[in-house]
Amino acid sequence: MSYSLLISDLHLDPVRPEHLAALERLLADQAGRARALYVLGDLFEAWIGDDDDSDFNRRAIAAFRAFSDAGSELFFMHGNRDFLLGERFAADCGGTLLDEGTVVDLHGTPALLMHGDSLCTEDQAYQQFRAMARNPQWQQMMLAKPLEERRALAQGMRMQSQSNNANKAENIMDVTPAEVVRVMNETGVRELIHGHTHRPAVHDVDLGDGATGRRWVLGDWGQQGWWIVADGQGLRLESWEIGETR
């Protein structure tokens, strides 16, 4: 198992069953072959708690469990849509939850892994919401509500988010360059990998004092799927048609 994979922003939703089917094919194909899979947030369009045992969610968990049972490591990171993912979900999948801003060794390449929403510091309204939604007390209050109430609240928050984003300038919804430099220098890495912005690309980063790095941005899953392959040769950003087998 000489390579690892990183994905983000699948936004799994029962109204888009083709994305779950594509994930199931990917996991079945890579089980026991990839050393590790890192899911960097927004795996689900909305996650209202680990006690939501819908058929759709059980299918996803079963696919991840078969992947980890085959000997491949599995890691999850919270996104802005699935910040209520908990230890129960990770354990059911045979995986581990990672903190935002975790540095890992990807086959000899140290890399900082993030969902990416914390890098968008110019979006002050969202950062206020993020601080509230990541507060353990607020999360406990939400999880204490009945499932149907949580489901309605999640739908309302999605609609509000779409309305808010429609009126925001493009640069506000992207990462803040100075924040990228800050977190990379703070953690001492030359490679940063994140999702969230839905703008897949590889950017050169001037870290100052003659040092340079790269910022790898994973794409969201729409008609195409995206992943980063990490092996002894470095990192590669790749895409494929969702209907294809990976």
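Hi everyone. When I say that two residues touch, I mean that they have heavy atoms within 4.5 Å of each other. Please also keep in mind that this is a predicted model.

Let's start with Leu-12. It sits in the loop between strand E1 (3-7) and helix H1. Is Leu-12 buried or exposed? It is buried, with a relative accessible area of 3%. And which residues does Leu-12 touch, leaving aside those up to four places away in sequence? They are His-19, Leu-20, Leu-23, Leu-43, Phe-44, Glu-45 and Phe-56. Here is another thing to look for on the screen: Leu-12 and Trp-221 are 209 residues apart in sequence, yet their C-alpha atoms are 8.9 Å apart in space.

Now to a pair of helices. Two packed helices are described by the angle between their axes and the distance between the axes. For H1 (residues 17-30) and H2 (residues 55-69), the axes come within 8 Å and cross at roughly 15°. Angles under 35 degrees count as roughly parallel, so H1 is roughly parallel to H2. Their crossing is left-handed. On the H1 side, the contact is made by Leu-20, Ala-21, Leu-23, Glu-24, Leu-27 and Gln-30. H2 brings Phe-56, Arg-59, Ala-60, Ala-63, Phe-64 and Phe-67. By type, the residues of this contact divide into nine nonpolar, one polar and two charged.

Next, helix H4, residues 124-133. Here Tyr-126, Arg-130 and Ala-133 are buried. They cover an arc of only 70° around the axis, which puts them on the same side of H4. Why can residues spaced along a helix point the same way? An α-helix has 3.6 residues a turn, so residues three or four places apart do just that. What covers the buried residues of H4 includes helix H5 (136-143). Turn to the face of H4 pointing away from its buried side, and you find the exposed residues Gln-124, Ala-125, Gln-128 and Ala-131.

Last, a look at the backbone. Most residues other than glycine have a negative phi. Asp-42 has a positive one, near 50°. This residue is found in the loop between strand E2 (36-39) and H2, and it is buried, with a relative accessible area of 1%. His-107 also has a positive phi, near 55°. Where is His-107? Its place is in the loop between strand E5 (102-106) and strand E6 (109-113). His-107 is buried too, with a relative accessible area of 16%.

Notes:
Residues numbered from 1 in each chain as written. Predicted model: local features only at pLDDT ≥ 70, side-chain atom pairs only at ≥ 80, totals over all residues. Heavy atoms only, no water. Buried < 20%, exposed > 50% of the residue type's maximum accessible area, 1.4 Å probe, protein only. Helix = DSSP H or I, 4+ residues; strand = E, 2+ residues; numbered from the N terminus. Arc of directions from axis to C-beta. Axes fitted to C-alpha atoms, helices over the stretch in contact; angles between N-to-C directions. Parallel < 35°, antiparallel > 145°, perpendicular 65-115°, else oblique. Left-handed = near helix turned anticlockwise from the far one by under 90°. Nonpolar A, V, L, I, M, F, W, Y, C, P; charged D, E, K, R; others polar.
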